[in-house]
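Today I looked up aromatic rings. My notes are below the picture.

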Amino acid sequence: MLLNLRNAVLDLGGPTILNHVDFQLNKNQRVALLGRNGCGKSTLLKVLAGQIAPDSGVRKINQGVTLGYLGQAMPDDIPKTVYELVALSFGEAGRLLLQSHNVADDDHAHHAAMSELDTWTVAARIEKVISQFQLDPEMEFAALSGGRQRRALLASAIATEPDILLLDEPTNHLDLDSVLWLENYLAARKGALLFVSHDREFISRLANRVVELDRGQLHQYDVTYKDYLALRERRDEEELRHNALFDKKLAQEERWIRQGVQARRTRNEGRVRALKALREDRGARRDKQVSATLKLDAGERSGRLVAEVEKISFSYDGHPIISDFSTTILRGDKIGFIGPNGVGKTTLLRLLLGDLTPASGQVRLGTKLEVAYLDQQRSEIDNDKSLVDNVSLGREFIEVNGQSQHIIGYLQQFLFDPQQARARAGLLSGGERARLLLARLFSQPANVLVLDEPTNDLDIETLELLEELLLRYEGTLFLVSHDRALLNNVVTSSLVLEGGGQIGEYVGGYDDWLRQRPKKNVLQDSSRKIVNNSRLGKSAPAKPATTKKAKTAKLSYKDQLELDALPAQIASLEAEQEPLYTALSSPDLYAAAPEKVRDLKKQLEDIESKLNSAYKRWEQLEAL
């Protein structure tokens, strides 16, 4: 056990954030902390990091255990340069190192202190981590883009190689290359990790344990993210059944207490006391927060042709962004844009929409286009105006899909109560700002929807609702996102900015691009280079590939029999999972029979391992 929280209570004036919460973080655990926006995940991380003290309860970190923390908000008093930021994460050794440039050679006390703290080893580690994150050590932090600032803060958090890492939305504002590098680094890293993220692929790859903060309670699952989803669904169903039975009993007792005089004369005082207890329990119950209601009006159908692009080129400061690119976009296409930050995804979007004129070539737009645009800077929100004024645009009623709604009622569908709807937008959290932008965007009919990094700050539940909405959307979609699951599930084709002005066009989403891409691809090469550097601490020349003569594989009779049997084998294994999920979803089991919980989890892990092997073998045989 490295870090422990016992019986923690925290109330910041609204609903109780932590209600007698227990939590323990052990060595080599990689824990995903999940929950709805506003439930208190970031606050819990701050409690565990020692930045906020709980109202009651105990936080204990073992002696000698080191901790690194990355929050969502920008820290105060950021040092001037990237090098200074990372160096100061080493404490006194980093400060001595920074001061050494201004210290005289004969300052023996300073040099002795540096030698005692082994600052030269610290200097090497600083240079290594800055190189891993591909940052310029002399760059001023304030001059960096949002994505590079995030990378610099990550570098500062992991530079000391702490025993515990607490990361709050570490993938926000990172491009796919950076997300993939971070994913690989954290998967290979030794030590404990607790992280908050909305990136479902990131969670699936990393988490070997899941905890969910829900209405002040912490639900803990020693399973993978996939298994957690099944257990959560069963828990929610059980809660609904329990609440329905409770409410039915309470209604029956309320009818009994209100019977006539004769009934009141003979009533049982014990039953009256039980009714009072039921009333208290119902008053203390915190019902599950309802989900946002997302509706989108595709408006009038556009013409069949949305955009015809012929050999367009565009450069910036002499650097080619797009070179000789042609494509045709038709009504109903759902197109994903993939590429590192700064490579030109937004520029390509603006060219396709006619907002920019190419240096050569032409873009011919279709007819009856109604465009709605969500930009990643969230610049559409006026912080000084109320939520109502930001969305209504002077209207009292909003019409969506032919139905008229009052603006207050419309905002309630996006989880804003009437009081909050009249408050300043500048008071909103990141997740609330994201929901407000969606409310504004969906309040207008649009047959062309442009979403530039829409998933930043959205919780997973709202993200899944957005995904379902985009799947049903009948208009044309342009989607820029580093969320691999969203790209895989929604888009029908992908435009990949591969560097040097080259744009590849591929059928399907992110995983489809990985299968189709050329073997030497700019995005993949850069990702591999970063991963290699993380192991070596410096750039390493790529080894020449060894070419082997291709062999023609053939499916034998035995292999065919095995392939035919695999679907039934997989179905049987999945059927074995069901009763285990049902048993583990019972909260009483953990208190009554903890030894049985361990056995059931072991059985579940064994079945999961067999399933993974079966799926892998099926893919191998299908490929033959």
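Entry 1, ground rules. I am working on a predicted model, where local features need pLDDT of at least 70, side-chain atom pairs count only at pLDDT 80 or more, and totals for chains, interfaces and linings use all residues. Residues are numbered from 1 along each chain as its sequence is written, and side-chain values use heavy atoms, with hydrogens and water left out.

I found eight aromatic pairs in the structure. Rings of Phe, Tyr and Trp (its six-membered ring) pair if their centres lie within 6.5 Å; planes under 30 degrees apart are stacked, over 60 edge-to-face, the rest tilted.

F133 lies in the loop between helix 5 (119-132) and helix 6 (146-158) and W181 in helix 7 (residues 176-188), so the pair ties together parts 48 residues apart in sequence. Helices are DSSP runs (H or I, at least four residues), strands likewise (E, at least two), numbered from the N terminus. Are F133 and W181 buried or exposed? F133 is buried, at 4% relative accessible area. W181 is buried too, at 3%. Buried means under 20% relative accessible area, exposed over 50%, partly exposed in between (1.4 Å probe, protein chains only). Ring pairs also link F133, W181 and Y185 into a cluster.

The charged end of R435 sits over the ring of F416, 5.0 Å from its centre. The charged end of R517 sits over the ring of W513, at 5.9 Å. The rule: NZ of Lys or CZ of Arg is within 6 Å of the ring centre and within 35 degrees of the ring normal.
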